[in-house]
Amino acid sequence: MSDKPVKRLPMLPLRGLTIFPYMVLHFDVGRSRSIAALEEAMINNQEIFLVTQKDIKIDDPEIDDIYEVGTIAKIKQLLKLPGETIRVLVEGLERGKILEYTKEEPFFEVVLATPKRYDKAELELQLEAVSRNLLSSFEDYVKLSNKISPETLLSVNNLDDPERLADIIAANVLVRTEDKQKVLEAFHPIERLETLYDIMIREIEILEIENKINLRVRKQVDKVQREYYLREQMKAIQKELGESDGIAGEVEEYQGKIDKANLPEEAKEKAERELNRLSKMGPGSAEGSVIRTYLDWILDLPWNVETEDNLDLKNASRILDEDHYGLEKVKERVIEYLAVRQLTKNMKGPILCFVGPPGVGKTSIAKSIARSLNRKFVRMSVGGVRDEAEIRGHRRTYVGAIPGRIIASIKQAGSKNPVFLLDEIDKIGNDFRGDPASALLEVLDAEQNFAFRDHYLDIAFDLSKVMFLTTANTLDTIPRPLLDRMEVIRISSYTEEEKRNIASKYLIPKQMKEHGMPEKSLILSDATISDIINYYTREAGVRNLERQIAAICRKAARRILETGRPSVRITGNNLKKYLGAPRFHYDKAEDNNQVGVVTGLAWTSVGGDTLYIEVTSMSGTGKLVLTGQLGDVMKESARAGFSYIRSRAKEFALEDNFHEKLDIHIHIPEGAIPKDGPSAGITMTTAIISALTGIPARGEVAMTGEITLRGRILPIGGLKEKILAAHRAGIKKVLIPVENRRDLDEISDNIKKKIEIVAVETMDEVLSHALVRIPEPISGGQNHGDQES
C-alpha cells in the first residue's frame, strides 16, 4: 500500500454487487445518499469509490455495515429513469482501502489508500507459476460448467497481465459476495492469485460432486421418471405457448372447484385425496379418467343447494285444484304438510305411496305437488328393475361403474330437496343381482336416509329433505318391510260424473290446444261426454277417454278445414261418425225377478263391474259344478256357501239328503275372462238358495260380501268402485257387509241418494232383501218349485 492517503472521493455503497478493476458495467441508483455521491463525483473528476455493503437487506447502511476495501471507478455515463432512479455506467480503475470517513451526510466521503506498486520482474517466475495453475483450474471449471461463454474463455487466455487475470476470472466465476471480497482485498498479486486459486479448487470440487450426483441420478431414472421429466418440459412449453396447463392446470382447476363447492367434511377430504392421486398420474392414464369422472360427480351434486318452499296454503290449494279434479285425500295431505312446515323448519320429508288403478292421475298429481311447493321434480321408474346397483350404484372397483339412479336423479334435479317420484314401485323385481326393494328400505326410511351411502360415491348424502312419492296399482306385490315405510293414500276409480268434469275442464281444452283448434270450435254436451265414457272406454282413469277426445279433435279439425265451418258440434246422433260403433256395453239390471239368477258386484283393475251369477239344479249324484273360469278363492266361497245351505236345509224347506239327489251347476257368464276374489260368497249362496227353493231373486238388488260357514258376512274391498258399477247398471238396492259402512264416506252424496245401500251382518238379512219371499221351513220332501216370472 502507499505510505500516505492519495485520494479523497465520494463513496457509493453497493447492494449484492462487487466491482473489480478493469470491469465495465451499469447499475441503477435510487438512494438519496448514493445520488448525492454521484452528483458530487460529476462535479469533480467523475471518480467515485464503489464498495459493497455487508448485508443487502439494509436500506440505509452505516459505516459498520460497509466493507473497507472497494474499487475506484470512473463514471462513463448517467441516465435518469422514471421514479427518481439513475442508471450509471462505470469502469473500475483500481483498488482502494478506506482509511477515514470525512463526511456521512449528504453522502459518504472517504480518504483512500491505493495499492503499492510491485516490481513484476522480481515476481515474474512466481506470477507465471501461479497464473498457470489458475488458468488450468479455470479451464477445468469451464469443462465442468456450462456457465462460461467461449468468448470469456478466449479473452482470459489472451491476457498477459496476471493481476487482470485474477480480477476477470473472479468477476465471471465467483458467486458468493464473501469470495469476491476476499479476492478484492488481496492487494499483493501473488496473494490475490493464490486466494483465487484456492477458491477455484473448491468450486471445481463442488462441481465434480454435483456432476457425480447428476450422473448417478440419471442412471437411476427409469421409463416413468423420464416420462415425468418430459411432461414437465411439455408443461413448460405449453405454458410459454399460452396453451393448456396439462395435468397441473387441471388439478388447479379441480382444487378451485372443491374450495368453492362448500362440500361436507367427508366429501371434501375424499375429493382432495383423489385429486392428489390425479396430480401424480399421466394425462393418458386410464385411472386418471376414472378419477376425473368421480370428482365430477362429487362436484356436480347439490350438497348444500335447496329450493325455498312456497308455504302459502291458498296458493298450493289453487295449483292443485287447477291441475286435478277430485283427489281430495292427496290434496289434503299436501296442505297438511305445508301447514306443519310453517310451524317447524326441521320436518323430514314425508314418504307417500299413491295406490290406485292406471290412469287416475298418480304421476301427474306428483308433478302438481312439486309445482305447488316450488320444488324441483324428478321421476324414476322402478318397474322391472332387478339389479340392486340401479339403486345403490356400482362399486368403483368395477369397470364402467356409475352411481345409482337415486344419486343420478338428485344430480339431475340440482337441489337436495326435490319432489322425488318412484313410479310403479309394485312392479319392482329381483334376481341373482340383488333385491332392489331391499336397497330402497334405506332410501325410504326417514330415520336412515339422512346418511344414504351410494356404493360408487361411498360418501354419505342427506336425503332427509327429499319428498319421496311412490305410485302403485296394487299393494299385494310390494314387500311388507318396504310398504311399512310408506304412508299409503288410496286413489280410487273416477265416477262417471268425475270423468265428465275432468273431460270438460281439462282434457277437451288440452286436446283442442294441442290440435291447434280455436276456442268454441268444438262443442260437446255433457250427454255426449257421458256416451264417450260409457260406450267407448272402460277404465278406472281417463287415459282412453283422452285418446277418444284426441280422435274427435283430429276429425273435427279436418271437418272444419274441409267445410269452412267455424265449429263442429258432437252429439249422440253423430258420435258414431267420429268414433265408430260403440266398443263396450254395460249390463243393465234385470227388469224381472228370476230363479237362480243374482246380481253380484266385482272390482277390476279398470273399476267396478256387475257380475251375474246363474245357478241351476238337476237330478244327479250330488256334484257341484263350477264354470266361467273361476279362481280358487271363488271356488272355495261356492263350497263354503253350499255347506252353509246343507247345514240349514230344513230352514230352507230342503230335505236333509237333497245334495245326494241333485247336481248344482254354478256359472258366471263371459267365461273367457278369469274371475277371482273374496267378495262373491253371498251372491253365489243366494243364487243356490233361489235355485233350490224356486224363490225368484229380485232383479233390482245387487250384493257383495264373503260368507262364513255360520252365515256371517265378512267385509270386502273396492266398495266405491262396486257402488259406481251398480249405479251405472241401474241397480236400486245394494247389500254390503256391516263392517264396510266406514267406506261409505268415500262415495258422493249424489250416488247415495240414487241407490239404497243396506248394511247386512248375516245371511238371513241378505235373503230378506234379495229374495221375493223368505223360504218357510217345512217337513217332508224336496220342493223344487216352478220358476216364477
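Good morning. Please keep in mind that the model before you is predicted.

Under that definition, Val615 belongs to strand 17, which covers residues 607-619. Is Val615 buried or exposed? Its relative accessible area is 8%. Because the limit for a buried residue is under 20%, Val615 counts as buried. Leaving aside residues up to four places away in sequence, Val615 is in contact with Gly596, Ile664, His665, Ile666, Ala687, Ile688 and Ala691. Thr177, by contrast, lies 123 Å from Val615, C-alpha to C-alpha, and the two are 438 residues apart in sequence.

I turn now to strand 3, residues 47-52. How many of its six residues are buried? The count is six of six. In a regular strand, the side chains alternate between the two faces of the sheet.

Next, a helix. In helix 15, residues 405-413, the buried residues include Ile406, Ile407, Ser409, Ile410 and Ala413. Why do the buried residues of helix 15 line one face? Viewed down the helix axis, they fall within an arc of 160°, and therefore they share one face of the helix. In general terms, an α-helix has 3.6 residues a turn, so residues three or four places apart point the same way. After helix 15 comes Gly414, with a positive phi near 80°.

Finally, the surface. Ile209, Ile213, Val217, Tyr228 and Tyr229 make up a nonpolar patch there, and together they have about 470 Å² of accessible area. Two elements each give two or more residues to this patch: helix 6, residues 189-220, and helix 7, residues 223-241. Which element gives the most? That is helix 6, with three residues. Tyr228 is located in helix 7, and because its relative accessibility is 42%, Tyr228 counts as partly exposed.

Thank you for your attention.

Terms used
Residues numbered from 1 in each chain as written. Predicted model: local features only at pLDDT ≥ 70, side-chain atom pairs only at ≥ 80, totals over all residues. Heavy atoms only, no water. Patch = residues over 30% accessible without salt bridge, like charges linked within 9 Å, V, L, I, M, F, W, Y side chains within 5 Å. Areas by Shrake-Rupley, 256 points an atom, 1.4 Å probe, with all protein chains shown as cover. Salt bridge = Lys/Arg side-chain N within 4 Å of Asp/Glu carboxyl O. Helix = DSSP H or I, 4+ residues; strand = E, 2+ residues; numbered from the N terminus. Buried < 20%, exposed > 50% of the residue type's maximum accessible area, 1.4 Å probe, protein only. Contact = heavy atoms within 4.5 Å. Arc of directions from axis to C-beta.
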